[in-house]
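This briefing covers strands, salt bridges and surface charge in one structure. Please read it alongside the coordinates.

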Protein chains: 2
Amino acid sequence: MKKINLQTLKGFRDFLPKAARGREELFNKIRSVFQKYGFLPLETPALEYKETLAGKYGVEEKLMYSFRDAGGREVALRYDLTVPLARVVAEYANVVDYNEQFAMPFKRYQIAPVWRAENPQRGRYREFTQCDVDVIGSSSITADADVIACIADVLRALDISDFVIRINNRKILDAILENSGIPKNRTVEAIRIIDKLEKIGVEKVREELALLGIRTKQQGELFELLNAGLEDPKDIEIKLQDYPGAGELAELVEILLEWGIKNYRVDLTLARGLDYYTGTIFEMIIPGAPQYGSIAGGGRYDNLVGMFTSPNPLLNKERAKGEVPAVGGSLGIDRLVAVMEALDLVKYDWGSDVLVCNLEENLLEKYLQIVKSLRDTGLKTDFYYERVKLDKQLKYADKKNINFAVIIGQDEGKNNEVSIKNLITGKQETVKQKDLVKNFQASIRKI
Amino acid sequence: MKKINLQTLKGFRDFLPKAARGREELFNKIRSVFQKYGFLPLETPALEYKETLAGKYGVEEKLMYSFRDAGGREVALRYDLTVPLARVVAEYANVVDYNEQFAMPFKRYQIAPVWRAENPQRGRYREFTQCDVDVIGSSSITADADVIACIADVLRALDISDFVIRINNRKILDAILENSGIPKNRTVEAIRIIDKLEKIGVEKVREELALLGIRTKQQGELFELLNAGLEDPKDIEIKLQDYPGAGELAELVEILLEWGIKNYRVDLTLARGLDYYTGTIFEMIIPGAPQYGSIAGGGRYDNLVGMFTSPNPLLNKERAKGEVPAVGGSLGIDRLVAVMEALDLVKYDWGSDVLVCNLEENLLEKYLQIVKSLRDTGLKTDFYYERVKLDKQLKYADKKNINFAVIIGQDEGKNNEVSIKNLITGKQETVKQKDLVKNFQASIRKI
């Protein structure tokens with residue numbers, strides 16, 4: 001017999017019950033906050049036409065899982081959730097049939113796996129879950145603030161309290177770089193270098209900027225401006241009054257303050273790697289756990305969503321010109337899980353509530369009745385199918401993180417009694433069978 | 001500019017917000033029942049080594065989406081959730097590192113998309129969600145009953161009450177066919193023919209059986225037995241006493257009755273297409289809506305999960321022989337949704353609760369305060385980002401299925417009042433701003 005490879009592919013993962021339940025709880029909490037902010041879900045296919053995805057990411061195409069299907073079509077697994085969103089907006093937004101359920105601005109969330117054929121490293125996978133909120137079709141800074149407030153609220157709902165929101169506006173950064181004498185065709189590279197400031201430190205950044213042709217004096221002016229203390233909206237307007245984007249940034253900060261969000265830091269060195277951002281950019285970091293980097297981030301990208309719309313005659317004039325304003329944010333699920341585990345914030349009870357043990361053949365009917373009565377009250381109830389030694393059944397309960405065992409041997413059976421064993425404390429009490437459910441609910445509350 | 005194909009691939013679907021929210025609600029309800037029965041979630045990758053999946057389904061390999069990845073590996077998108085489950089059991093069950101969280105019998109559920117390159121038809125897609133519960137590692141008929149009871153409970157939780165559970169045991173069917181003189185190598189074909197009984201009628205089935213070489217007299221005996229009324233467990237044992245599997249079937253029915261499940265029908269003609277079933281088989285149908293076929297089904301398949309285990313020296317002796325008993329069931333999500341829509345059982349409120357309208361520039365601060373106070377009480381609150389005509393904002397609310405609009409013009413603003421418009425009834429009332437949240441919650445309850 002040929003030996004079959006029993007493992008997952010490199011960079012791919014199984015989530016066993018404990019981790020999988022944790023993810024379910026996490027996604028439920030995130031969804032519930034997203035909905036509180038008026039976002040609704042969207043599902044798109046895992047596979048798209050390759051031409052829909054290709055050339056949109058500024059990355060090498062071989063990082064995409066693409067192939068020819070049995071019908072000869074060039075297809076690819078989605079690389080992110082943003083390009084499929086742009087495709088959806090172009091496909092449905094102004095089509096009469098769908099108009100009834102497609103409201104613009106389109107506020108959607110999507111939590112779904114994406115696939116990237118990158119070299120797997122610690123914490124980087126080839127299949128991972130992206131978790132995005134986006135507002136398509138509004139230029140209002142209120143939309144930027146709504147996205148940031150929503151993601152900050154998600155973090156608070158997950159009991160992550162000591163995070164900081166770094167905020168910047170790409171227009172300011174672009175202008176600062178231009179004023180520093182960096183040639184236009186070098187700004188993207190300069191932004192990528194400045195983006196590494198937190199990671200590699202100021203000396204390395206200065207070295208790399210020098211290699212790009214930026215002289216020491218210009219660098220000095222650049223860093224002086226980048227390091228200006230800018231917390232108050234008025235400061236921003238005064239110190240940056242000549243810069244485009246300063247008004248937007250001040251307005252954004254005003255709205256966040258109006259909503260009671262004070263844990264932001266205006267940081268003109270924040271660049272966010274991707275070059276499709278056009279205005280507001282932000283990211284959430286945990287100063288006490290810098291090793292995890294940013295756990296969420298996003299920004300305004302007014303030129304991306306329009307890319308599909310120009311050739312579509314069904315769209316209105318504004319969108320037909322390719323002008324579809326958009327702002328969004330993304331939570332890094334794997335990093336979030338790592339942070340929550342490190343900070344001991346994972347509090348869900350992943351196992352079942354109770355195991356009804358299977359001990360005596362003549363008592364099977366009784367066991368089945370009890371299983372049903374417990375389930376009818378909503379308790380997560382497991383029954384051990386085989387009649388084996390009690391020890392083995394309790395070990396099963398332990399592995400499944402079950403808190404209570406219901407034990408009925410011949411004695412209890414004769415007396416219409418049941419023993420309830422608390423598997424955390426080891427304590428056991430015997431009660432009348434008719435009082436089981438009542439007693440049980442009391443015990444559950446006591447944990 | 002090259003015209004980009006803006007659509008999804010044939011057989012693939014987008015789920016727009018209304019449908020996507022419906023699916024979220026559906027999956028949440030299903031998960032909650034699965035957990036009540038002691039099942040826990042498992043997540044496996046979308047992509048597996050092709051050799052893991054290939055040759056396991058008795059279908060043509062070209063129905064699988066397979067390709068060579070950038071690293072030269074033959075990979076494939078999962079075709080179902082059962083073969084990956086078998087891979088997981090073989091990979092983790094007896095490996096010491098995982099032993100701590102891998103309890104056997106392994107009771108898991110998985111709700112996830114699978115991909116099949118079949119010809120798309122009405123109601124058949126190339127990407128669709130499978131929803132499975134399985135018990136791996138128990139031969140007890142109680143496990144079979146647990147799976148059936150669990151799926152029946154899911155249907156009740158979805159308010160589908162008038163379904164019937166067709167039950168059979170593959171051992172009985174096999175023996176009946178053997179006794180009818182059908183050659184051993186023809187039983188699978190005969191089973192496939194009998195399986196079509198409900199669809200194509202008895203005459204067509206008899207014709208096809210005749211083509212298989214089964215004579216009229218044998219067919220008569222076959223159908224007499226197949227049509228015997230068998231509801232009571234005692235009947236089963238008496239009428240089928242010489243048949244293997246009759247004891248199992250009787251025991252199964254006894255447990256279901258013990259749990260108060262009466263809407264079953266023992267049906268010896270039930271075959272379930274797949275040839276990997278080895279014992280209990282079942283399916284749920286809605287007699288009032290036969291056009292939807294079976295909305296759920298499953299059975300015992302003791303020879304499938306073991307297929308990966310023989311070459312693994314880490315597994316214990318029993319499993320090393322390839323003997324891993326298994327029983328499971330599956331809900332057909334697309335059919336369920338269709339049935340629920342047809343029977344008007346879709347009751348979730350997919351939209352947001354309230355839209356705060358954006359009318360006057362000088363009142364922005366007030367709008368933002370109100371948005372925050374509503375969200376703080378947990379209300380799903382949307383804010384219209386742009387200042388446009390009220391009509392346009394209310395149309396947006398309508399498309400997003402929002403029930404209430406909060407309207408504050410200059411008059412209300414001056415008097416510290418707000419108007420609440422019920423978008424279902426059209427009624428509008430004006431209240432003090434400080435009473436908004438209270439009034440609001442009362443209105444919500446009134447719907």
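The points below go from conventions to the sheet, the salt bridges and a charged patch.

This is a predicted model, in which local features need pLDDT of at least 70, side-chain atom pairs count only at pLDDT 80 or more, and totals for chains, interfaces and linings use all residues. Residues are numbered from 1 along each chain as its sequence is written, chains are lettered from A and ligands numbered from 1 in the order in which they are written, and side-chain values use heavy atoms, with hydrogens and water left out.

**Sheet in chain A**

- An open sheet of 8 strands in chain A runs in the order S1-S5-S6-S11-S10-S9-S7-S8, with mixed pairing; strands (E, at least two residues) and helices (H or I, at least four) are DSSP runs numbered from the N terminus, and two strands pair if DSSP finds at least two bridges between them.
- Strand S1 (40-41) and strand S8 (264-266) of chain A are at the edges with a single partner strand each, so one side of each has no neighbour in the sheet.
- Strands S5 (residues 106-115) and S6 (residues 127-136) of chain A pair in the antiparallel sense over 10 bridges.
- Gln110(A) has Asp132(A) in S6(A) as its bridge partner.

**Salt bridges**

- Over all chains, the whole structure holds 62 salt bridges, each being a side-chain nitrogen of Lys or Arg within 4 Å of a carboxyl oxygen of Asp or Glu.
- Asp144(A) and Arg300(A) form a salt bridge at 2.7 Å, N to O.
- This pair links helix H5 (residues 141-157) with strand S10 (residues 294-300) of chain A, 156 residues apart.
- Both Asp144(A) and Arg300(A) are buried (under 20% relative accessible area; exposed is over 50%, partly exposed in between; 1.4 Å probe, protein chains only).
- Glu283(A) and Arg272(A) form a salt bridge, with the closest N and O atoms 3.1 Å apart.
- Glu283(A) is in strand S9 (residues 280-285) and Arg272(A) in the loop between S8 and S9 of chain A, so the pair ties together parts 11 residues apart in sequence.
- Both Glu283(A) and Arg272(A) are buried.
- In chain B, Lys434(B) and Asp435(B) form a salt bridge at 3.6 Å, N to O, and Lys434(B) counts as exposed because its relative accessibility is 72%.
- A network of salt bridges links Lys107(A), Asp146(A), Arg375(B), Asp382(B) and Lys400(B).

**Negative surface patch**

- Asp232(A), Glu237(A), Glu251(A), Glu254(A) and Glu365(B) form a negative surface patch (residues with over 30% relative accessible area and no salt bridge, like charges joined within 9 Å).
- Glu237(A) lies in helix H11 (residues 233-239) of chain A and counts as partly exposed because its relative accessibility is 42%.

Methods. Patches are made of residues with over 30% relative accessible area and no salt bridge: like charges are joined within 9 Å, nonpolar side chains (Val, Leu, Ile, Met, Phe, Trp, Tyr) within 5 Å. Accessible areas come from the Shrake-Rupley method with a 1.4 Å probe; for residues, only the protein chains shown count as cover. Lys and Arg count as positive and Asp and Glu as negative; His and the chain ends are not counted. The place of a charge is taken as NZ of Lys, CZ of Arg, CG of Asp or CD of Glu.
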